[in-house]
Amino acid sequence: HNIFQNLFKHQPRVIVFHSVTKNNKMDILNNFIHASIDNFSEQIKYLVKNYNIVSLDKIHQHFEGINTCKKNSFAIIVDDGFSNFFENIYPITSSYNIPIAIAISCDRINNQQIPWDVMLSMLMTNKEKNISDNFDTLSQGFLNMNLKMRRKFINRLKKKLKEFCGDPFLIDPDLRALTYKQIEELKNDKNISFLSHGLSHDPLDGLETKIAKRELISSKLKIEELTDRKCDVFVYPQGKYDSSLVKLVENVGYRYAYTVDHGFIDKHSNRLLLKRIIIPPFSSFEEFVCRLSGIGILLSKFFHLIRVIR
């Protein structure tokens, strides 16, 4: 790992987490969504000890050539806006006084909505599940659907979830979203950055321009209203984008946008298609270390080259 750490020391990276529960790893009901607080604590401790944790602003300054990041610099984004950001993640990062960004899907605030992937994961963890395929396969299938099929799939999930449980937040409290009160408290900490993750958390690619534009603008304005700060960073819901959406993101006033494409950030990066390193909730510590080091990025580039040659 040290070899790769030194090899990529001048390549700033952005790492992504999602939901962190206080349950032990063996007791987590839904490991498609949640990571254990013990694992997260160990990961942050390792990051602080071995890397330079910086704000997204520092990463963007490096990208723009304004201010170069120190070697082995990382920024942290937490996607989706779960309430356990405030309860479990923030207390740990604030104890180290490190910056962290949170990407919020605004319609989720105060538990107003459950995203499709959360509904799917709940049904997958139901012992009497009606869906037998694995989570990744179904998720990828959804993302590859056209808009009409996506809507049918989401309606089917809603129906199945209603049959399964009356209130999903009673079954899995860690699915709860940030509240307005929690956001009000978080906005007073300058180590916290707030990013737009759309309104619904549904993919925006393929939508009619006026609908996608409404999500982009409304979520931007909502975050600015709640935090009293400018919001100029967008995180593509589910990482899905197309050329029309990328252009629209820029036109409505976002300066930077993040995908779930795996990789570094450098001067050649497209500022509206910035890459990140995703940490799956069920990652072992060894996998976590490998992902950070850049080994995975190097291997993905190698296999891409092989495919091109063939």
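What radius of gyration does the protein chain have, and what would a compact globule with 310 residues have?

1. **Overall size.** This is a predicted model. The protein chain has a radius of gyration of 19 Å. A compact globule with 310 residues would have one near 19 Å, so the two agree. Along its principal axes, the C-alpha trace spans about 55 × 50 × 45 Å.

2. **Secondary structure and contacts.** The protein chain holds 13 helices and 10 strands. Residues 24 or more positions apart account for 69% of them.

3. Of the 310 residues in the protein chain, 52% are buried. The chain exposes about 15,300 Å². Carbon and sulfur atoms supply 51% of that area.

4. **Charges.** The protein chain carries 43 positive and 34 negative charges. Their mean positions lie 5 Å apart.

5. Look next at one residue. His34 sits in strand β3, which covers residues 34-36. Is His34 buried or exposed? Its relative accessibility is 2%. Buried means under 20%, so His34 counts as buried.

6. **His34: neighbours.** Which side chain makes a polar contact with the side chain of His34? That partner is Asp172, at 2.9 Å. Asp172 is also one of the residues that His34 touches, leaving aside those up to four places away in sequence.

Technical notes
Residues are numbered from 1 along each chain as its sequence is written. This is a predicted model: local features need pLDDT of at least 70, side-chain atom pairs count only at pLDDT 80 or more; totals for chains, interfaces and linings use all residues. Side-chain values use heavy atoms; hydrogens and water are left out. Helices (H or I, at least four residues) and strands (E, at least two) are DSSP runs, numbered from the N terminus. Buried means under 20% relative accessible area, exposed over 50%, partly exposed in between (1.4 Å probe, protein chains only). A polar contact is a pair of N or O atoms within 3.5 Å; within protein, one must be able to donate a hydrogen and the other to accept it, and residues adjacent in sequence count only if both atoms are side-chain atoms. Contact means heavy atoms within 4.5 Å. The radius of gyration is taken over C-alpha atoms; the globule rule is 2.2 Å times the number of residues to the power 0.38. Accessible areas come from the Shrake-Rupley method with a 1.4 Å probe; for residues, only the protein chains shown count as cover. Lys and Arg count as positive and Asp and Glu as negative; His and the chain ends are not counted. The place of a charge is taken as NZ of Lys, CZ of Arg, CG of Asp or CD of Glu.
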